Amino acid sequence: MLAILWVLLLFLCVPVSGVFQKLYCTISDSCDCDFKPNIRDLEWDLYKNVYGQHLAQDIVSEEVARFLQNKSPDRPLVLSFHGSSGTGKTMVSSMLGNHLYGSAMSSPYVHQFIPTLHFPLPRRVSEYREELKSWVKGNLTECARSVFIFDEMEKMPPDLVDVLEPFLGPSHVVFRTNYRKAIYIFISTAGEEVINKVALENREAGRDREEIKLADLQEAIAQAVFNNSTSGFFQSSIIQQKLITCFVPFLPLSRRHVERCARSQLCQQGSCGRTDVMEAVGEHMIYTPVQGQYFSTTGCKAVPAKINLFL
């Protein structure tokens, strides 16, 4: 009889224990919710596998390290990635997921939103706002260390992301949820004209690429995105309230960067020695401007297809 009572007691206590563990997980500074950040590996991955992006490498590694070192941040980390297609924005966001949660994008605490998939109908923006707000709040309640990635912001319906404003500021712990420990990543091609213009002027002036500073681009990107009617940040209160920690520029890639991408892909296939293929890929990309042929129009995005063509 005592044995039966003991089993029943265990059965009743386990769910209660689970509830208290989840409560502790959402508000405690020490609970990790499977959060296993490895900043050193993140830095190494960025510098080894992201080409031509000294600004993105430095900003992401420094901002993430600074944010995680603070056990009680006063606001979430909010990074907005901007630049042309194929410059590494999505790759860097995946690296973040991989080095914060070992299971990367498959982690239940890393959430990705794609406008054409999750918010396809402009007439339903009001519904999407309520759904997004509820979704973010629910996942933060599940784990305060959640990571939210919003891809293709240039396709996001205007006014939708502003529903996130209460989550991005210095909010207090509200009903089991510490909103300030989350990380938000926005990815967009909006602002690429500003970035490419600065990169082109720098190149034509004969200066090294690494001489481009964040200060040369930060405010210009913010203004370009805010005033772009096709951007998800058009006239956004998130930008007006300065809730984005940093606008991260991804510079256009030159031929040598494209060839490094090709070499990396070839090595993954066990063909590191095929320099002929690497050079052919670099040669057959389209570059801009016409006079000068400085930057790849597709970055590294078309590299896998080109490799298959020349192998």
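Predicted model: local features only at pLDDT ≥ 70, side-chain atom pairs only at ≥ 80, totals over all residues.
Colleague: Let's start with the rings. How many aromatic pairs does a search of the whole structure find?

Modeller: Eleven. As for the general idea, a pair of aromatic rings is described by the distance of the centres and the angle of the planes.

Colleague: Okay, what do the rings of Phe113 and Phe119 look like in those terms?

Modeller: Their centres are 6.2 Å apart and their planes sit at 20 degrees, so call that pair stacked. The cut-off behind that call is planes under 30 degrees apart.

Colleague: And are Phe113 and Phe119 buried or exposed?

Modeller: Phe113 is buried at 6% relative accessible area, and Phe119 is buried too, at 7%. Now try Phe148 and Tyr184: the ring centres are 5.2 Å apart with the planes at 20 degrees, so this pair is stacked as well.

Colleague: Which parts does the pair of Phe148 and Tyr184 tie together?

Modeller: Phe148 is in strand β3 (residues 147-150) and Tyr184 in strand β4 (residues 183-188), so the pair joins parts that are 36 residues apart in sequence. Relative accessible area comes out at 0% for Phe148 and at 0% for Tyr184, so both count as buried.

Colleague: Which residues do ring pairs link into a cluster?

Modeller: Phe113, Phe119, Tyr128, Phe150, Phe186 and Phe233.

Colleague: On to the cores. In the largest nonpolar core, which residues touch the most other members?

Modeller: Phe81, Phe150, Leu164 and Tyr184, out of 71 residues. Helix α3 (residues 54-69) gives this core its largest share, seven residues.

Colleague: What does Phe81 touch?

Modeller: Leaving out residues up to four places away in sequence, its contacts include Val60, Val92, Leu96, Ile185, Phe186 and Phe250, plus Lys89 and Ser93. There's also a second, separate core of 14 residues, with Ala262, Tyr287, Cys300 and Val303 among them.

Colleague: Last one, a helix. Which residues of helix α2 (residues 39-49) are buried?

Modeller: Leu42, Asp45 and Leu46.

Colleague: What covers the buried residues of α2?

Modeller: The cover includes α3 and α4 (89-100).

Note on methods. Residues numbered from 1 in each chain as written. Heavy atoms only, no water. Phe/Tyr/Trp six-rings, centres within 6.5 Å; stacked < 30°, edge-to-face > 60°. Buried < 20%, exposed > 50% of the residue type's maximum accessible area, 1.4 Å probe, protein only. Helix = DSSP H or I, 4+ residues; strand = E, 2+ residues; numbered from the N terminus. Core = buried A, V, L, I, M, F, W, Y, C linked by side-chain atoms within 4.5 Å. Contact = heavy atoms within 4.5 Å.
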